[in-house]
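Colleague: I would like to learn how to read a model of this kind feature by feature. Could we go through it together, with the general idea first and the particular case after it?

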Amino acid sequence: MSFEQQERVMFDLLFDSKLRNQFCEDQVRALANYDLDEAEQGDFNTIRPDALQLDAAMRADLVLSHLCKSFPISFSIMSSLPNGLDVLKQLIDTTTMTSASIERATVFGNRLREQYATFSFASDKEQAIAMAILEAELGMAWTSTSLKQVVLAKGLEIEINAVLGDDWLEKPIKLAAYVCAAIIPQSYLQLKKVLCAVSDDCLWRQLNNTPLSVSIRKKTLLTEDPRLLVVRGYISRSSQCEPAVDFKTVELSEGFAPLFQHVNGTVGVAEILSQLSQIGAQEQMLQGVQSAFKQLLDYGMLEFA
Amino acid sequence: MVLMSDHIKALPTLGVGASLSLSSKPDPVSLVQTEGGPSFVEYAGLVDVDAIIEEVERVRAAGAPVLYHPSHINFCGSYANSKTWLEATAQHIEAVDSAWFAQDVAYCFWETGAAYSTSLGYFVPPIFNRASLEKAIERVKEVQDTVAVTVAIEPPPLTFITGTMPLFSFFGELAERTDSAILLDMGHLVSYEMASGKKVHDELAQLPCERVVEVHIAGGRLKEVADGPIYVDAHECTILEQTWQMFEAMLPALPNVKAVCYECEGVAESSVLPTLKRIRRIVRELSASEALVASLDGVV
């Protein structure tokens, strides 16, 4: 007798659509590969196939409404693609659902990225832009997961940002932990405003009722005002059960991105400004760069080495 | 039949209350302060009490006791509950002074890692067989070892049924062997009847009725599928006629009910009070619980 095998069957019936469809047609054949005796197999005869299909569909829908909060713009873009919503539903399978709940958004996001690559967008450029947005959302999901895992393992406390001293320009700087950055075609907030008609809580339902129109997607993704989105995850509520993560975001001009290559723990802002000055940067630009570095330090996205 | 323990008899009678979201409409404090409002408030909240204590204190300050009714405990199956989450649950219950601790007997998480039932979409129901019952006993005792108050087990909503053990045989034996109280949700019983084709009244002899301390009534939807309707829990919807009928049929069989809870998260405030009034009328007319009926003296 194997109760564990019965549990496995029940889980697979809920999240493996191929098995479920087979079960609805021929229960005995569908369960033949599981190590169940006759009585254990008989326990599944009580399942109404139509009810099982309904349950699985509602369940996937609820899981997606939750995951949609981590990938709002990417879900919206998917809804505008042919069969995009179906692909999202198909990703709620045993691979996604056996991942630990704390890691599920990143597991799902990585699989969504693979799917994105297979879709036909209006142009390669549009696809690359959509992918960049997904990478940005995946970066936030990954940051959130990593931070939660560290808190659960080590009991990290909520940190208080350090106050910058007078000598902050001279000190070598480096990228802080739990920071991700991506170049996106427009301000993230602006993209969300245009592509997500309702709040994150209601978005999945909204997209099912009214998918994003192809014309809005095309128009929005090809409107270029590129930004460097820098995001830092932080613990907004510490807990040994379910720490909450929130994000601080800064959006800088795309041109700031190459300066990140110098942020390696060996040079300070003053030195970077000096190098820029030597290659002809104007005072106004230098002030803008200094101000951006200060903002990144204030937000804890950069720290002193 | 195992005799009911003193700890269940001694539970306080809370009357007719409402299950509400602490931070959204309808506002629990406003309802509690209204004539004919709920006499207690039940809530599903985060496991960490720090996250909700201010809102709970507002409700208690308004004069209503609270019951914590979460959705993160595995009360069945092979996957044990996290000690950390159990301890946080125990702290939560103590901090808000929940008179008992009730939750659906279902899977909230699978294999590794504690989580809310939303991680699986919603509750995955237990398999109704003897091996599953033994695992459920393990799980309930695991909770009882950490939680200081009486545990009440609740049959979950059932879209489909796995296993042949009748619902009340499973829950009757689970309650007696763990010395637990029972919470019966009328909509969940309707869901069982629709998913199984059986009638709960035919199984009533298997249910230790005196252990039923709490009754839930809530809105739902019927989904028409190939082989007949399926009940779907939907608290924001109106209470279905089948659910009212179940309520009226069950109340006379339950002599020790301490609390009837209208689960009305997301329901318009204007329709909560009339529904509470209807529930009280039915309780007065049909409940076998003298203490519950007495608790309604002077209430509209």
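This is a predicted model: local features need pLDDT of at least 70, side-chain atom pairs count only at pLDDT 80 or more; totals for chains, interfaces and linings use all residues.

Colleague: How many cavities of 30 Å³ or more does the count give, and how much space lies in the largest cavity?

Modeller: The count comes to one cavity of 30 Å³ or more, and about 40 Å³ of space lies in the largest cavity.

Colleague: Let us turn to sheets. How do the strands of a sheet pair in general, and in what order do the eight strands of the open sheet in chain B run?

Modeller: In general, strands of a sheet pair through backbone hydrogen bonds, and the pairing may be parallel or antiparallel. In chain B, eight strands make up an open sheet with parallel pairing, and their order is β3-β2-β1-β10-β7-β6-β5-β4. The edge strands are β3 (66-68) and β4 (100-104) of chain B, each of which pairs on one side only. From one strand to the next, the twist averages 25°.

Colleague: Which helix packs on this sheet, and which strands does that helix touch?

Modeller: Helix α4 (residues 83-96) of chain B packs on the sheet, where this helix touches β2 (41-43), β3 and β4 of chain B, and the helix direction makes about 175° with that of β3(B).

Colleague: Over how many bridges do β4(B) and β5 of chain B pair, and what is the bridge partner of B:Asp104 in β5(B)?

Modeller: β4(B) and strand β5 (residues 150-154) of chain B pair in the parallel sense over five bridges, and B:Asp104 has B:Glu154 as its bridge partner in β5(B).

Colleague: What is the pairing in the three-strand open sheet of chain A?

Modeller: The pairing there is antiparallel, with three strands of chain A in the order β2-β3-β4. Because β2 and β4 (244-253) of chain A stand at the edges and each has a single partner strand, one side of each is left without a neighbour in the sheet. Neighbouring strands of this sheet are turned by 25° against each other on average, with direction ignored. Strand β3 (residues 227-237) of chain A pairs with β4(A) in the antiparallel sense over ten bridges, and in β4(A) the bridge partner of A:Arg237 is A:Ala244.

Colleague: Why does A:Tyr178 count as partly exposed?

Modeller: A:Tyr178 counts as partly exposed because its relative accessible area is 23%, a value that lies between the cut-offs of under 20% for buried and over 50% for exposed. B:Asp179 is likewise partly exposed, because its relative accessible area is 24%.

Colleague: Is A:Glu126 buried or exposed, and what is A:Glu126 in contact with?

Modeller: A:Glu126, which lies in helix α10 (residues 124-154) of chain A, is buried, with a relative accessible area of 0%. Leaving aside neighbours within four places in sequence, A:Glu126 is in contact with A:Phe121, A:Arg217, A:Lys218, A:Leu221 and A:Leu222. For chain A as a whole, 48% of the 305 residues count as buried.

Colleague: Where is B:Glu111 found, and which residues does B:Glu111 touch?

Modeller: B:Glu111 is found in the loop between β4 and α5 (130-144) of chain B, and B:Glu111 is partly exposed, with a relative accessible area of 31%. Not counting residues up to four places away in sequence, B:Glu111 touches A:Arg8, A:Thr98 and B:Tyr79. The side chains of B:Glu111 and A:Arg8 are joined by a polar contact of 2.5 Å.

Notes: Residues are numbered from 1 along each chain as its sequence is written. Chains are lettered from A and ligands numbered from 1 in the order in which they are written. Side-chain values use heavy atoms; hydrogens and water are left out. Two strands pair if DSSP finds at least two bridges between them. Helices (H or I, at least four residues) and strands (E, at least two) are DSSP runs, numbered from the N terminus. Axes are lines fitted to C-alpha atoms, for helices over the stretch in contact, and angles run from 0 to 180 degrees between N-to-C directions. Contact means heavy atoms within 4.5 Å. Buried means under 20% relative accessible area, exposed over 50%, partly exposed in between (1.4 Å probe, protein chains only). A polar contact is a pair of N or O atoms within 3.5 Å; within protein, one must be able to donate a hydrogen and the other to accept it, and residues adjacent in sequence count only if both atoms are side-chain atoms. On a 1 Å grid over the protein atoms alone, a cavity is a set of points where a 1.4 Å probe fits but cannot get out, and a pocket is an open set with protein on both sides within 12 Å along at least five of seven lines; lining residues have an atom within 4 Å of a point. Grid points are joined across faces, edges and corners, and a volume is the space filled by probe spheres set on the points.
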